[in-house]
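Thanks for coming, everyone. I'll go chain by chain, then turn to the contacts.

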Amino acid sequence: MQSQILTWITFLPLLGMAVILFLPKTAMTAVKGVSVVATFIAMVLATKLYFVDFAHKSVAEIEASRGAGDILGAQFVQKVDWISSIGVQYYIGVDGLSVALVWLTTVLLFIGVIASFGMEKAGKAYYALLLLLQVGIGGVFVSLDLFLFYVFWEVMLLPMYFLIGIWGGPRREYAAIKFFLYTLAGSVLMLVAIVALRLDSGTFSIPQLTELAVSGKLTGASLPAAGKLLGMQFSTWVFWFLFIGFAIKVPVFPFHTWLPDAHVEAPTPISVILAGILLKLGGYGMLRACFPIAPDAFRDSAFILGVLGVISIVYGAFVALGQSDFKKMVAYSSVSHMGYVLLGMAAFTVWGMEGAVLQMFNHGTSSAALFLIVGVIYDRAHHRDLNGFGGLSQLMPRYWALTTLGFFAALGLPGLAGFISEAMTLIGAFQADDTRFQVLVLISTLGIVFTAAFLLYAMQRVFLGKKNPKYEGIEEISFREVFCQVPFLALCIVFGILPYLLLDWMHPSVQNLLNILKIQG
Amino acid sequence: MGLGAYIAVSAALFALGIVAILVRRNILYVLMGIEMILNAANINFVAFNRFNGGGLEGRMFAIFVIILAAAEAAVALAIVLNVFHLFNSVKPAEADLLRE
Amino acid sequence: MIADLGTQPMTPESHILAFDPGTDFKLLFLAFALPLVGYVIQIFFGKKLPRQGDWLLTSGLFVTASITVLMFAKSLWAAYHGEEFRHHSGDEAGLWFHWFYSSDTVANGVSNVSAAIYYDPLGAAMLMVVGVVSFCVHLFSIGYMHGTPRYHIFFANISLFTFAMLGLVLSDNLLFLFVFWEVMGLMSYLLIGHFSHDPSSGYFHKWATKACKKAFLTTRVGDTCLLVGMVIFFWKFETFRFTELWRLSIEEIARHQALHPGEYPLWMTVGGLFIFGGTIGKSAQFPLHIWLPDAMAGPTPVSAMIHAATMVAAGVFLLGRCYPMFTPDVLSVIAAVGTLTAIFAATIGTTANDIKAVLAWSTISQLGFMVAAVGLGGVVAGMFHMVTHAFFKACLFLSAGSVIHGCHHEQDMRNMGGVRKYMPVTFACMLASTIAIAGIPFFSGFYSKDLIILRAWENILGGKFSGASFFAAVGLPIAACLTAFYMFRMIFMTFTDKYRPGTVESPFAHHAHDDHGQDEHADHGHAAHGHDDHGHHAPAHAAVAHAGHGHDAHGHDAHGHGAKGHDAHAHAAKAHDDHGAHGGHDEHAKPHESPLPMLVALCILAFCGVFGGHFWLADPVHSLKFWEHAHTWFEESVSFQSLYGAEIGDKLAAAIAVDHHAEHSAHWVALPLSLTVASVGILIAWLIYGRGWERSQRIAGKITHSIHAIYEVVKGKYFVDEVLGTTIVVDMKRKEEPRYEPDISVIGLSVHFANLLSWIDRNVIDATVNLVGRSGAAVGKGSAAFDRTVVDGAVTGVGLLTQTFGSVARLFQSGRVQQYATFAVFGGLALAAWLILL
Amino acid sequence: MEATDRLFYGLVGLASLAAIAACTWIGGGAGAAFGLFAVLVLAGSLTCIWERSVVRSAFCLIGTFGGTAGLFLMLGSDFLAMSQILIYVGGILALILFGVMLTPPDLTERKLPRVMAGLVAVGAGVAFVAAKVAATVHWVEAATLAEPQHETEQIGVAFLAYDQYMIAFELAAVVLTVALVAAVYVARRRKIDLEEEGAEG
């Protein structure tokens with residue numbers, strides 16, 4: 001009997017949301033209670049799934065199971081016909097790539113809910129939308145059917161729009177609309193590609209599509225004009241449409257301008273979730289839906305992707321250095337860190353790909369901690385101008401200690417998680433067969449130096465130096481805020497010292513993915 | 001004589017019935033016209049009955065038409081009298097309350 | 001190879017000093033882990049522990065130091081017995097730490113990164129240095145930092161730093177070396193920035209906030225170069241382990257030589273240069289030296305430990321570890337940069353007036369010596385100089401700290417003078433170390449520096465002539481002369497003549513008093529007061545301590561321990577503070593000797609500094625005949641063969657081998673050269689500064705006036721900082737921090753570039769998106785207008801139409817029944833016709 | 001009688017004679033009878049429309065109903081012919097005459113051109129449709145016409161046989177009673193009208 005655990009993890013928040021909707025508006029404690037319980041149970045299930053149930057299949061076992069039409073070696077698979085007329089199935093499963101991200105989603109949302117207790121104007125609708133958001137995100141990570149993937153992708157988009165648009169900062173409408181339209185434009189392109197794939201291959205299921213793509217049958221022959229569009233071959237334009245859809249989410253260099261606005265205007269818990277997991281949807285989507293389905297197009301344009309990645313790294317770091325708004329600086333640091341993901345994937349080597357997937361997880365934890373840190377100051381000073389603070393280390397020593405740990409995690413200090421993924425990505429990129437990647441790696445080291453520069457520059461303006469008389473009576477960080485930050489910082493340290501807790505899970509799947517993509521090469 | 005002839009006669013009678021209703025200004029001509037039309041129908045019924053197998057249906061139908069025509073004439077007369085009472089005239093044009 | 005001891009050989013296995021893998025790796029791990037445990041305890045319970053936990057950490061360090069000394073003794077013993085002393089915990093004791101994947105099998109074909117302890121003679125020497133120096137610094141800072149705010153955090157940071165340094169020395173692969181390398185960078189950031197959280201320290205407070213970041217970012221540039229170098233070597237050899245790297249790189253060079261003789265693989269040169277970039281960053285070589293002088297913003301014990309002995313030596317240690325991986329081209333670059341730095345720093349050293357600045361520049365210069373030594377092929381010489389330099393430079397810094405401490409935080413030498421009368425012990429230690437660093441025979445400095453110059457001359461005379469070795473052979477002696485000059489200039493300026501406080505306006509001490517005057521906040525008052533408080537240690541008990549400490553090396557550990565207890569008792573005695581009067585710096589109090597723990601630390605280091613070079617000489621008598629080349633203990637235990645294993649060692653030695661004749665003649669050139677140079681330096685120093693302060697000012701004034709332009713350039717540190725935009729401007733007048741100073745990042749103009757980029761990001765890319773948005777809105781408005789006029793018009797048009805039809809139709813609704821009937825009939829007819837017709 | 005009336009009757013007479021001649025020509029004796037009855041029917045209705053006064057029109061209807069009864073006889077259904085004469089002429093025509101009596105005569109009512117236009121338009125339409133139907137619909141004429149039997153007895157049995165027309169028979173009874181009651185109710189003079197007349201009176 002197919003194990004139900006994945007469905008439970010994904011749809012438990014939906015249950016919570018339903019219960020919340022029935023509660024009266026005034027019973028806020030009940031609403032908070034329900035949302036905490038729902039996310040907590042989901043987290044416990046996900047933890048059990050990750051540490052206990054997930055079977056460490058070796059690459060050989062995955063290759064063996066490939067014969068049975070399951071090229072990815074997904075586990076906990078559930079396949080039920082949903083819309084049989086057009087061949088859509090409720091086909092979910094999880095493998096090495098997504099199991100860590102599913103777990104991170106549940107942890108993030110649990111902490112997000114607790115962090116939202118501080119927001120007084122967060123009403124019943126807020127918690128309902130938050131839980132709906134979790135359903136959307138969780139669903140994307142587990143779905144192995146392109147249609148289902150797209151549905152969850154859109155489900156995730158809607159609550160995010162309202163959460164930013166209603167509970168956001170002064171320019172929230174502009175930011176919310178910009179975020180929504182930007183991602184929607186991307187997802188429209190994705191939809192075109194998905195439809196074309198469906199028409200050509202007759203199926204939505206990703207493993208089958210991968211199988212076809214790898215064996216060269218996905219050529220768009222059955223489509224009008226042999227699948228050519230805008231003068232491009234079928235697999236080329238499908239690749240670019242899917243890639244742009246995901247690149248907007250990552251965000252990659254030219255498509256990133258929605259991120260700073262969304263972050264600046266979003267309330268703290270929302271920008272924690274936005275940075276923590278929403279950016280990973282893009283990266284994960286590329287690995288799951290974009291590269292395997294158009295392997296040769298991916299191989300041809302790998303260098304362009306690498307260049308985009310490096311630009312994101314260096315550009316993000318420099319622009320962050322030029323910011324005076326704390327949150328915008330952290331947002332641009334996210335752009336810079338996600339650049340490594342793209343560089344790692346484009347390098348097309350084992351360590352490159354694994355570094356990318358690990359970077360997605362590590363960036364999730366470290367950027368979540370950073371945004372919580374920004375939230376703490378913002379709740380007290382109600383402004384985010386870096387030059388407006390000064391000497392906070394004497395006023396809030398514990399807060400300064402946590403911030404130092406957070407900053408150095410984001411900095412990529414060895415011993416903390418950031419370093420391993422960055423080192424792996426750089427080593428992997430250096431080993432790429434395309435020697436031009438070595439130049440890219442040299443340029444991206446600029447990113448490493450200037451990430452350190454802007455973080456320490458911020459540290460100096462906010463914490464060191466002369467005490468700002470305005471914040472004489474500022475009170476130390478509260479227990480709840482510490483409770484929210486500590487898990488992420490702990491994760492950074494634990495996965496910094498023992499990265500094999502993540503890498504053992506990821507390695508077989510990444511190796512398998514590479515073997516698949518390499519078949520044609 | 002052939003079926004065609006009887007049909008021709010009934011058709012002509014039918015046409016004359018319609019003319020009676022449409023042309024003459026007096027309500028009573030409407031009544032007469034209706035009776036003519038009913039007779040035309042009866043001729044047809046009987047003619048077809050006679051020329052198509054001679055079963056009872058045609059004639060039975062004609063009999064029922066005659067019965068109902070009688071009932072109808074009675075009611076029609078009552079209506080005519082009321083209309084006359086209401087509009088003090090026989091001309092259907094006066095009874096135009098339905099205009100607006 | 002090893003001259004036999006002449007004493008009966010001890011059986012190797014049973015002897016206590018024999019290395020047995022079972023216990024010794026665990027001991028090493030214990031030594032390595034203790035500071036970390038100390039750090040964790042201190043961070044969480046530091047404030048609540050008695051004496052804020054300093055005793056806990058110091059005793060922890062004591063245990064670590066003793067383990068390292070024991071281990072060092074084992075390495076010496078093994079050397080004397082001719083055993084090969086290269087132990088790897090993974091191979092021998094199976095102690096692996098798998099890092100990337102939980103075990104090798106899962107990684108099928110992908111190299112798993114796992115670490116283990118690697119212990120060889122170089123590591124042993126370095127370990128002993130780190131252990132002893134950090135123990136002394138802990139001891140010293142008990143006295144020095146007493147009463148300052150965040151006292152417990154300071155101790156925690158120092159011990160974590162020691163943990164990182166020990167980790168670096170013990171790690172068997174390049175990646176873990178890099179990990180601890182960067183953790184050390186973090187600790188130097190935190191320690192330099194120690195005063196940035198304590199506004200009462202006035203000038204230091206403002207200076208530290210910027211200096212710590214500058215230090216971290218400069219070393220970060222170096223670290224990134226090292227990372228790239230590592231990646232390059234990993235790309236080719238798929239491994240990080242040193243032993244593998246050495247073997248593979250030697251094979252690669254041999255294979256490359258076979259293909260096209262005379263040439264060396266380009267990628268190895270590039271990789272080697274990048275790794276050397278790491279050393280430049282960390283060991284403050286020429287372009288990236290800018291952070292070391294500013295690192296003096298940290299407390300003196302920090303400068304002593306980090307910026308003199310251990311951290312900066314890590315860069316040279318890295319060169320030692322990666323020596324086989326360097327191709328000759330890289331070595332010549334290293335030699336050139338080393339020599340350049342040596343001369344460059346030495347010249348600036350002569351002009352510095354702040355005592356710690358002199359020592360900082362001298363450190364940079366000595367590091368230049370070491371790097372040049374490695375570049376010239378003299379790995380042994382370089383490492384030996386590193387070890388000896390660590391000791392006497394640490395001693396110099398600590399004694400400088402004790403002088404500053406005594407003169408109430410006065411750092412400018414022009415305000416000191418005649419301190420020997422008040423601080424005899426400090427003077428003794430400082431003088432000993434200065435003699436050692438100047439290179440006077442019978443002191444360790446002479447042996448190590450002489451070896452380096454010898455190495456240079458051997459290259460020239462032995463036919464291994466290259467531009468770099470010539471530059472070194474000429475440059476290094478000059479640097480040695482300058483070193484002798486500015487060290488003795490410092491001695492004469494601080495210790496001779498009369499005590500002259502306040503002769504010149506200096507930002508240090510002066511502000512320590514003023515600052516706490518203005519501070520309106522109560523608790524600051526206490527902290528500032530605290531500074532003066534510990535100054536009052538009654539000089540009385542100094543005499544007792546002076547007699548107590550003996551010269552016996554073995555005894556010093558136990559003794560040190562005892563002294564510490566003694567000091568705790570003295571702390572309680574609150575003698576009257578003779579200069580309690582605030583402000584008014586003219587009737588300044590006389591300097592006083594430092595408390596006992598500081599003196600004990602000084603003496604230990606002075607002893608090691610002076611005798612570190614040759615005390616355990618194979619034959620002490622031979623060392624007296626200084627005119628012959630004396631094989632020091634270091635050369636016995638550390639050689640190419642002992643470091644890199646027999647076969648690699650032989651190849652390396654062969655590469656720099658010089659025939660006996662050249663070696664002998666080089667010896668006869670190098671030895672007299674270094675002697676004359678040292679004595680000339682001292683003589684000049686005495687001529688200018690030795691005979692009274694006024695006269696020295698006159699003479700110095702005349703000299704600087706004559707070479708005015710050159711003097712200004714040198715005094716301005718060749719404006720390297722200004723070029724890189726990283727000068728730290730500390731304006732004590734301005735109360736408010738300037739909202740936005742451009743001088744903070746490593747490369748000043750990068751901030752301007754960043755602002756430009758963020759402006760572009762806002763106005764160009766965002767603008768395009770908004771443009772799209774606005775054009776979308778415009779299209780929206782256009783379509784709205786179109787919609788209103790045309791479509792809407794159509795709709796109303798249709799409405800109009802139906803209305804006309806309506807009115808027409810109304811005509812038919814005449815109410816005349818007959819009309820209806822007519823229509824019905826004709827309609828029916830028309831329908832029938834139509835049906836039939838079709 | 002005016003000139004047009006005379007002209008009209010002249011024409012009708014001539015047409016009738018022609019028709020009778022044609023029918024006898026075609027059908028012999030039976031044809032003649034058919035022709036007679038057909039002419040009786042059509043002429044009766046024509047003059048009914050044409051006649052200016054309603055009374056005369058009503059009386060012309062007798063000819064139409066009589067002619068129809070004759071045709072039924074020709075078609076072999078004698079019970080039907082008798083019931084036709086009994087109910088139509090005896091009953092319905094009497095009613096119409098009552099109607100005529102109760103409503104004031106309006107001699108000026110007939111408009112000749114309207115009658116002519118109506119005759120021509122409707123005649124043409126019906127003629128066209130009948131011609132079309134005759135051309136396209138081919139109905140099956142039984143080769144040999146079955147001899148007419150004792151129709152009345154059959155009809156009586158059919159009326160009472162449960163599986164034939166019994167229900168229809170009962171329903172017809174119900175309809176007649178309802179019509180009777182309705183006619184009486186609709187036509188009775190209400191109290192209100194009386195009061196109005198009383199008030200006016």
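Predicted model: local features only at pLDDT ≥ 70, side-chain atom pairs only at ≥ 80, totals over all residues.

The C-alpha trace of chain A spans about 70 × 55 × 45 Å along its principal axes. What is chain A built from, in helices and strands? It has 21 helices and two strands. Of its 521 residues, 64% count as buried. Now take the contacts in chain A between residues at least 6 apart in sequence. Of these, 79% join residues at least 24 apart.

Let's look at the two strands. β1(A) covers residues 75-83, and it pairs with β2(A) in the antiparallel sense, over six bridges. Is β2(A) enclosed or exposed? Five of the seven residues of β2(A), residues 88-94, are buried, so this strand is largely enclosed by the rest of the structure. On strands in general, side chains alternate between the two faces of the sheet when the strand is regular.

Next, a helix in chain A. α8(A) runs over residues 206-214, and seven of its nine residues are buried, so it too is largely enclosed by the rest of the structure. Which residues of α8(A) are buried? They are Ile206(A), Pro207(A), Leu209(A), Thr210(A), Glu211(A), Ala213(A) and Val214(A). Note that Thr210(A) and Glu211(A) are on that list. Just past the end of α8(A) sits Gly216(A), with a positive phi of about 75 degrees.

On to chain B. It has three helices and zero strands. From the N terminus, the order is α-α-α. Why call chain B spread out? Its radius of gyration is 17 Å, well over the 13 Å that the globule rule gives for 100 residues, so chain B is more spread out than a compact globule. Its C-alpha atoms fill a box of roughly 50 × 25 × 20 Å along the principal axes. Buried residues make up 59% of the 100 residues in chain B. For contacts in chain B between residues at least 6 apart, 46% join residues at least 24 apart.

Chain D also gets a quick pass. It has seven helices and zero strands. Along the sequence, that reads α-α-α-α-α-α-α. Of its 201 residues, 25% are buried. Among contacts in chain D with a separation of 6 or more, 44% are between residues 24 or more positions apart.

Now, how do chains B and D meet? In this contact, 60 residues of chain B touch 71 residues of chain D. On the chain B side, the elements giving two or more residues are α1 (3-23), α2 (27-51) and α3 (57-87). α3(B) gives the most, with 21 residues. By class, this side of chain B has 47 nonpolar, eight polar and five charged residues.

The second contact is between chains C and A. It takes 47 residues from chain C and 43 residues from chain A. On the chain C side, α6 (174-192), α7 (203-237) and α32 (748-812) each supply at least two residues. α7(C) has the largest share, twelve residues. By class, the side of chain C that touches chain A has 28 nonpolar, twelve polar and seven charged residues.

Last stop: a helix pair inside chain C. Packed helices are described by the angle and the distance between their axes. The axes of α4(C), residues 121-144, and α5(C), residues 151-170, come within 10 Å and cross at roughly 175 degrees. Angles over 145 degrees count as roughly antiparallel, and α4(C) and α5(C) are therefore roughly antiparallel to each other. Which residues meet there? From α4(C), they include Met126(C), Val130(C) and Val137(C). From α5(C), they include Phe154(C), Ile158(C) and Met165(C). The contact has ten nonpolar, five polar and no charged residues.

That's my tour. I'm happy to take questions.

Terms used
Residues numbered from 1 in each chain as written. Chains lettered and ligands numbered in written order. Helix = DSSP H or I, 4+ residues; strand = E, 2+ residues; numbered from the N terminus. Buried ≥ 20, exposed ≤ 12 C-beta atoms within 10 Å, placed from the backbone. Contact = placed C-beta atoms within 7 Å. Nonpolar A, V, L, I, M, F, W, Y, C, P; charged D, E, K, R; others polar. Axes fitted to C-alpha atoms, helices over the stretch in contact; angles between N-to-C directions. Parallel < 35°, antiparallel > 145°, perpendicular 65-115°, else oblique. Pairing = 2+ DSSP bridges. Rg over C-alpha atoms; globule rule 2.2 N^0.38 Å.
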